[in-house]
Amino acid sequence: MQTRKKYIFLTFLASWLLLFFFGGDQLRRFAFFSGRKAEARRNWPRWTDRSLLKNFADPEELQRDGIPSPLSPQERRAAWLSVYKSSRCRMESCFDFSRCERNGFKVFTYPRQRDQPISESYSKILASIERSRYYTPKAEEACLFILGIDTLDRDHLSAQYVRDVDEKIRGFPLWNGGRNHLIFNLYSGTWPNYTGDLGFDIGQAILAKASFDTESFRPGFDVSIPLFSKDHPQRGGERGWLSQDSVPPRKKYLLVFKGKRYLTGIGSGTRNALHHIHNGKDIISLTTCKHGKDWEKHKDTRCDRDNVDYEKFDYQELLHNSTFCIVPRGRRLGSFRFLEALQAACIPVLLSDGWELPFAEAIDWSKAAVVGSERLLLQIPSAVRCIHPERVLAFQQQTQFLWDAYFSSVDKIVHTTLEIIKDRLSPHRSRSRFLWNTLPGGLLVLPDFSTHPGDFPFYYLQHGSSPSEKFTAFIRVVSQVGSLSQPILRLIQAVSGSQYCAQILVLWSCEKPPPPSGKWPQTTVPLTIIQGRRKLSDRFFPYTAIQTDAVLSLDEHTSLSTSEVDFAFMVWRSFPERIVGFPALSHFWDPEQGRWGYTSKWTNELSIVLTAAAFYHRYYHSLFTEYLPAGLRELVDRLAACEDILMNVLVAAVTKLPPIKVAQRKQHKDTVPQQVKGTAGAAGGRRFSQRQDCLNQLGDWFGYMPLVSSQLRLDPVLFKDQVSVLRKKYPRLER
């Protein structure tokens, strides 16, 4: 027993000796940790290879973090919890799905308070919602609620700061702790730390916020939006700057930045270091400290020199002529520069650690931006130089797509926010990231129609597939006669004779009932009568009877031969995303009257193919009825001959492409605009005037004119060539 105790004692003693010799140095360091930490901070950086490593900055400059010091993690957490008291909110726990089951996804905006003015930007947001197809003026129908109080600017030093928001929203009967509410915010916090504090408790509301920090962002619940200026257009918006001839992709400058440099405070660290990468050749990095009231009090030795260099370059010129644009954080994580770079096809190089990028739930930013680290600023030039030119061009093209699809107007920013929230309500019927990040974009791909890319007219080429080999003929009848006229009988016979025709649907839009089945001609394909509501918009309703990809839209007085139908269908199968047809119009801008006009004269230009005889994809029926707001469909029903113009405008807005005209006979010429005598002439003039009004009202609603002009007409091989008729596939087209 004594021997055993002896061995235990020796083992214990040996352990203490080992701890003293091998761990004593660490214990001594721990005892004097605070003093040594301060000394290390004063002497930082203490590189072991500093004789070999080139110094790019003064150590004191790199240490200077601005006054006041940044918040500690505990302070940031406390500031976050003051805003997000329901920090664990998810759609499943803080959103009432039952409100959306009866009437679908409807959005209600609170009435504006007369004594409470709202900013121009918030007015645009509310107008975008009220112009959308989701808006409802009835609170009991709503699934989502938007406050009438302006919450965009929550900097209490701002003139647009609204006080006592907590007290006001608690008095709203619909508030319910913020449940099913969406709050928009662009600016949060104030000098000096610019935290995420909004000055009121959002409760269980969804927050759509710019400059969102990843620490406070609630994934799957909140929405990160871009910071946009008060001048951002309500709708339409300017197009991107990348032209089709922008090859090679690299421009005069590789990397540029021109902007403010903060001398003190949060956000100053990154911008103060940007001058280190400036070489005056292909990398231009210019800053100025000449901003704010007290800049001269805080200016450093670089200020005067930087201010002189800053004036040598024009900001817009740099955007136009640079491949990459540095987008550093400002006082907050986001900046206006982000959208400016996207529009200019200047690939954003993001230096804003912890920023939840706008709409990152849907958008794959790795295809359009370079996400850098503020700590690795000096590595940025070498990193962007390594990107292959083909990859650079792909980046630039994606910036243009994203700008046009989601960011070019307040309407698109707001509608993207709503669509992301709507997708969360039915995950099994939501858009994939492929649909969000591929032309034409998530806003124009309706998941209620399908979630499979092969069902849409835009992705056949990418998936190596083709549309169906049959079409549905859709004939609209409006004549007030009790019996069938000869033109429609001939039309049915001609269309049914096509080898590609699957069925014929007749939309009966007359007051009198349709003739009995025995009066209709015998056809080799099914013929179905659909009772219409006598509205012009009915012809583009997504009828379940239409099962083929292709729809041949016809008027009852249209005259076509079977050869014309066959050839037009074969052309459409090569261009399934476009309208392909016969009678064509062209639009133009009349500078004298300051409005849009159109003409049906036989010219080389065309931008509209009338749906009196045209092929298009059946998806456009769903887009016409479900995507467009009710106000546009009411416009179509009010103005005669407006529905085909709206369909052309819609397809052009989606595809950015013109329609295609195919070979036709002269009787297809539209003579409506010509002044002729008698009652027909008066009716034709009225029809022409209504089409003009329709065109201009559509241009105003979209914010621009989507129609695209073309000089392309497709004819069959050997069309009207002096060769044997036996060598021609469609000889009847020439008769």
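Rings of Phe, Tyr and Trp, the last by its six-membered ring, count as a pair if their centres lie within 6.5 Å. In this predicted model, that rule gives a count of 36 aromatic pairs.

One of these pairs joins Phe458 and Tyr619. Their ring centres are 6.0 Å apart and their planes stand at 90 degrees, so the pair is edge-to-face. Phe458 is in the loop between α16 (433-436) and α17 (460-463), while Tyr619 belongs to helix α20 (residues 619-627), so the contact ties together parts 161 residues apart in sequence. Both Phe458 and Tyr619 are buried.

Helix α19 itself covers residues 562-574, which makes 13 residues. From first C-alpha to last it reaches 19 Å, close to the 18 Å expected at 1.5 Å a residue. Phe569 is one of its buried residues, and others in that list include Val565, Phe567, Ala568 and Trp572.

Aromatic rings also form a cluster elsewhere: ring pairs link Phe338, Trp355, Phe359, Trp365, Phe401, Tyr406, Phe407 and Trp436.

Charged side chains meet rings as well. The charged end of Arg131 sits over the ring of Trp701, 4.7 Å from its centre. Lys209 lies over the face of Phe212, at 5.4 Å from the ring centre.

Notes. Residues numbered from 1 in each chain as written. Predicted model: local features only at pLDDT ≥ 70, side-chain atom pairs only at ≥ 80, totals over all residues. Heavy atoms only, no water. Helix = DSSP H or I, 4+ residues; strand = E, 2+ residues; numbered from the N terminus. Expected span 1.5 Å × (residues − 1). Buried < 20%, exposed > 50% of the residue type's maximum accessible area, 1.4 Å probe, protein only. Phe/Tyr/Trp six-rings, centres within 6.5 Å; stacked < 30°, edge-to-face > 60°. Lys NZ or Arg CZ within 6 Å of the ring centre and 35° of its normal.
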